[in-house]
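This report goes with the sequence and model shown here. Please look over both before reading on.

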Amino acid sequence: MGYLRSSFVFSLLAFVTYTYAATIEVRNNCPYTVWAASTPIGGGRRLNKGQTWVINAPRGTKMARIWGRTGCNFNAAGRGSCQTGDCGGVLQCTGWGKPPNTLAEYALDQFSNLDFWDISLVDGFNIPMTFAPTKPSAGKCHAIHCTANINGECPRALKVPGGCNNPCTTFGGQQYCCTQGPCGPTELSKFFKKRCPDAYSYPQDDPTSTFTCPGGSTNYRVVFCPNGVADPNFPLEMPASTDEVAK
């Protein structure tokens, strides 16, 4: 009987080890509530100042993103809206957020058993962010940051309530959206790149903006407002929420 019990425990541990490739801790360090979102796994979670949310990401997860939503109000059924990053009016996101939103993107155990990850401003900017492996290693496996005063310095044409929008959403066209072949940086993408050199500033900004860590052995941390202060464009107190359903 003890042998069977031990075998069951070993099998369970093996299953868990196989299933989860990375643990991602999401922390809100902002002096206001952030409603964190994560797809294709995780959904959403209300994070008051200092709170964390742990996401267990399976092997092979790709096209994944984590972002923060601001100015949200949700009812007891988890329905409502957010000023930035809204994902169809629900607390538990299943689709991507509405720009502008600062993105942490990742794909686990891909080519050469590497994790590929980045911070992206291709959808614009709403919250300062750090994305980092919990145990950095050689090469491009180290913390990256986007903590500049982008909302406060946002060009007038891109400025929207709660954030700084992206040129593609604002103007459209190949020059900014890069949907019909190769494209290069623009004056507007350079605005973002100058302030956050680690981050994607336009869709084909890969050479300077993609980072890698060993797959299957690296965990990560995403921090909103890593410096612990609000961007000057944010009030210290965001609008009150009726969201009481996040656990």
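The sections below cover a sheet, its strand pairings and a set of disulfides.

## The sheet

The model is predicted. It contains an open sheet of six strands, in the order β3-β2-β5-β8-β9-β14, and the pairing is antiparallel. Two strands pair on one side only and so form the edges under the pairing rule, which asks for at least two bridges between strands: they are β3, residues 43-47, and β14, residues 211-214. From one strand to the next, the twist averages 20°.

Strand β2 spans residues 34-39 and is mostly covered, with six of its six residues buried. Val34, Ala36 and Ser38 point one way from the strand, while Trp35, Ala37 and Thr39 point the other way. Residues on both faces of β2 are buried.

In the sheet order, β2 sits between β3 and β5. With β3 it forms five bridges in the antiparallel sense, and Ser38 stands opposite Gly43 of β3. The hairpin of β2 and β3 has three residues between the strands, and Gly42 has a positive phi near 105° there.

On the β5 side, five bridges join β2 to residues 64-69, again with the strands antiparallel. Here Thr39 is found opposite Arg65 of β5.

## Disulfides: Cys72 and Cys82

The structure holds eight disulfides; three of them are described here, beginning with the link of Cys72 to Cys82, with an S to S distance of 2.0 Å. This link is right-handed, with 110° about the S-S bond. The pair links distant parts of the chain, ten residues apart: Cys72 is in the loop between β5 and β6 (73-74), and Cys82 is in the loop between β7 (80-81) and β8 (103-107).

Are the two cysteines buried or exposed? Cys72 is buried because its relative accessible area is 0%, and Cys82 is buried too, at 12%. Both values fall under the 20% cut-off for burial.

## Disulfides: Cys154 and Cys164

The sulfur atoms of Cys154 and Cys164 are 2.1 Å apart and form a disulfide. With 80° about the S-S bond, this link is right-handed. Cys154 lies in the loop between α2 (150-153) and β12 (159-160), and Cys164 lies in strand β13 (residues 163-164), so the link ties together parts ten residues apart in sequence.

Cys154 has a relative accessibility of 9% and therefore counts as buried. Cys164 counts as buried as well, because its relative accessibility is 0%.

## Disulfides: Cys168 and Cys177

How is the disulfide of Cys168 and Cys177 handed? The two cysteines are joined with an S to S distance of 2.0 Å. The torsion about their S-S bond is about 100°, so the disulfide is right-handed.

In this pair, Cys168 counts as partly exposed because its relative accessibility is 28%, a value between the 20% limit for buried and the 50% limit for exposed.

Technical notes
Residues numbered from 1 in each chain as written. Predicted model: local features only at pLDDT ≥ 70, side-chain atom pairs only at ≥ 80, totals over all residues. Heavy atoms only, no water. Helix = DSSP H or I, 4+ residues; strand = E, 2+ residues; numbered from the N terminus. Axes fitted to C-alpha atoms, helices over the stretch in contact; angles between N-to-C directions. Buried < 20%, exposed > 50% of the residue type's maximum accessible area, 1.4 Å probe, protein only. Disulfide = S-S within 2.5 Å.
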